[in-house]
Amino acid sequence: MTWRITWATARRALTQIRHDHRSIALILGVPTMLMGLLAWMYSDQPGFFDQIGASLLGLFPCIVMFLITAVTTLRERRSGTLERLLAMPMGKADFLGGYALAFGLAATAQAVVVATLSLSVFGLDVAGPAWAVVLVAVADALLGTALGLWVSAFAATEFQAVQFMPAVIFPQLLLSGLLVARDQLPPVLEVVSMVMPLSYAVDAMKHLTTSPTVGASLWGNLAVVLGFTLAALVLGAATLRRRTP
Amino acid sequence: MTEPRVGDAAVVVSDLRVVRGGMEVLHGMSLTVQRGTVTGLLGPSGGGKSTLMRALVGVQIVESGVVDVLGLPAGSPDLRHRVGYLTQAPSVYPDLTARENLSYFAAVLGAPASDVDRVLAEVDLTDAADRVVSQMSGGQHARVSLAVTLLGAPELLVLDEPTVGLDPVLRSDLWSLFHDLADRGVTLLVSSHVMDEATRCHRLLLVREGDLIADSTLPELLVRTESDTVEEAFLKLVGAGPAGANGDR
């Protein structure tokens, strides 16, 4: 891994985002709008909004970053830029690290904006500290980035890449404990939910919803999310080939 | 039939076989490219030109054979900043400006930042440097991609149809640039299916259906085939089949 190349890749990816004003508006605006809508829907039951608000705050960045990364990486693969880069002194870790860095920064911006507005304007009430909410949201976004990178290897078109989102994210979302508490799921599904990273992302946010302190359970859940992220990056790296048929 | 490593050969290919999609697309090709020359790789599309180039750059999985580039096996990490590769389809980021693209690739190669202005001038894009590539014409887009290969100090340039879609003036300018580079010791392998570009090459490799059917200079080729133009020579060789060529099956 060469820091110069990793950093150049991150800067390049951020420059691409910077040129795309509409995407910036969507990245920042859509989750904000959805959180606002949710707060409005539950304006008569603020307790319920507090219960699921933080979890959703963690899921939006994951979904958005999954889509952005899957499509961007697919473009790299299909346009020949990836082949060109891999014929240069570019390491796979530089490529993945550059993207993780750039999208991690974009996700941080998103999480800060959405969390700030949710906590101040929309009246979301969490017991834990705001910085921890942002931290979990960023970890979730990195998870989305890593999953998107990996999945892009199996998509031949951008249309397919987008279709992978419901296939990869939705089952995790359904079993994450957001709709039905995980210990009340049928036993088989409960076991399945244990090997899905989003379950731990939701657990981390639930912890912050109810507990005023940042404890071992939060760090444990965060560590699991980051572990899945690293595993997905390693799987993603295995799909980057210098030599192709 | 392994050829000895010649001191002044930039590329030595020996008995190269490549299979793509279950089909053998190169059938044991052997050739040598001398340093500091412009070598034209000609032939109909689908004949294996791009596959050969991909093998030289080390991005092609090869079935068997030896591919040595600048004295090292193709694809060696040490070669990655010494070999410039232009793919047939322009491979740059369409949502960045020409300058942003070149700055990025220069950083990856470890080339000095001043290289960006130099290569922009070499491909005649200085005035369009700050335009987003997706808003450029097809020819400009292709030239941004070509400029990337000129960054740093490559010793070998593998260019897959660098002049396709360019107007005659620009094409002539680029061929002058190729010769300037060759005079400085750079080796160029340039593919084309425009036969008249053969007149600008020191040496010609004619490829058809995965076989090398000629490896000679243009005058030699015309004499041997008793032809007046490359086109005619090529048609005669195609009619004669692979016999009489250096790259026997």
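What share of the contacts in chain B with a separation of 6 or more comes from residues 24 or more positions apart? In this predicted model, the figure is 69%.

As for overall dimensions, the C-alpha trace of chain B spans about 50 × 40 × 35 Å along its principal axes. The radius of gyration of chain B is 18 Å, and because a compact globule of 249 residues would come out near 18 Å, the two agree. Seven helices and 10 strands make up the secondary structure of chain B.

Now to the sheets, starting with the one built from four strands. This is an open sheet of chain B, with the strands lined up as β2-β1-β4-β5 and the pairing antiparallel. At its edges sit β2 (23-34) and β5 (72-73) of chain B, each of which pairs on one side only. Further in, strand β1 (residues 9-20) and strand β4 (residues 64-69) of chain B are held together by five bridges in the antiparallel sense. To pick out one spot in that pairing, B:R17 has B:S64 of β4(B) standing opposite. A helix goes with this sheet as well: α1 (residues 49-57) of chain B lies across β1, β2 and β4 of chain B, and makes an angle of about 120 degrees with β1(B).

The other sheet to look at has six strands, again in chain B and again open, in the order β6-β7-β8-β3-β9-β10, but here the pairing is mixed. Its edges are taken by β6 (83-86) and β10 (211-216) of chain B; each has a single partner strand, so one side of each is left without a neighbour in the sheet. From one strand to the next, the twist averages 15 degrees.

Among the residues involved, B:L86 has B:L159 in β7(B) as its bridge partner.

Helix α4 (residues 138-150) of chain B lies across β6 and β7 of chain B, running at about 170 degrees to β6(B). Helix α5 (residues 168-183) of chain B covers other ground, lying across β3 (38-42), β7 and β8 (187-192) of chain B, with an angle of about 155 degrees to β8(B).

Terms used
Residues numbered from 1 in each chain as written. Chains lettered and ligands numbered in written order. Predicted model: local features only at pLDDT ≥ 70, side-chain atom pairs only at ≥ 80, totals over all residues. Pairing = 2+ DSSP bridges. Helix = DSSP H or I, 4+ residues; strand = E, 2+ residues; numbered from the N terminus. Contact = placed C-beta atoms within 7 Å. Axes fitted to C-alpha atoms, helices over the stretch in contact; angles between N-to-C directions. Rg over C-alpha atoms; globule rule 2.2 N^0.38 Å.
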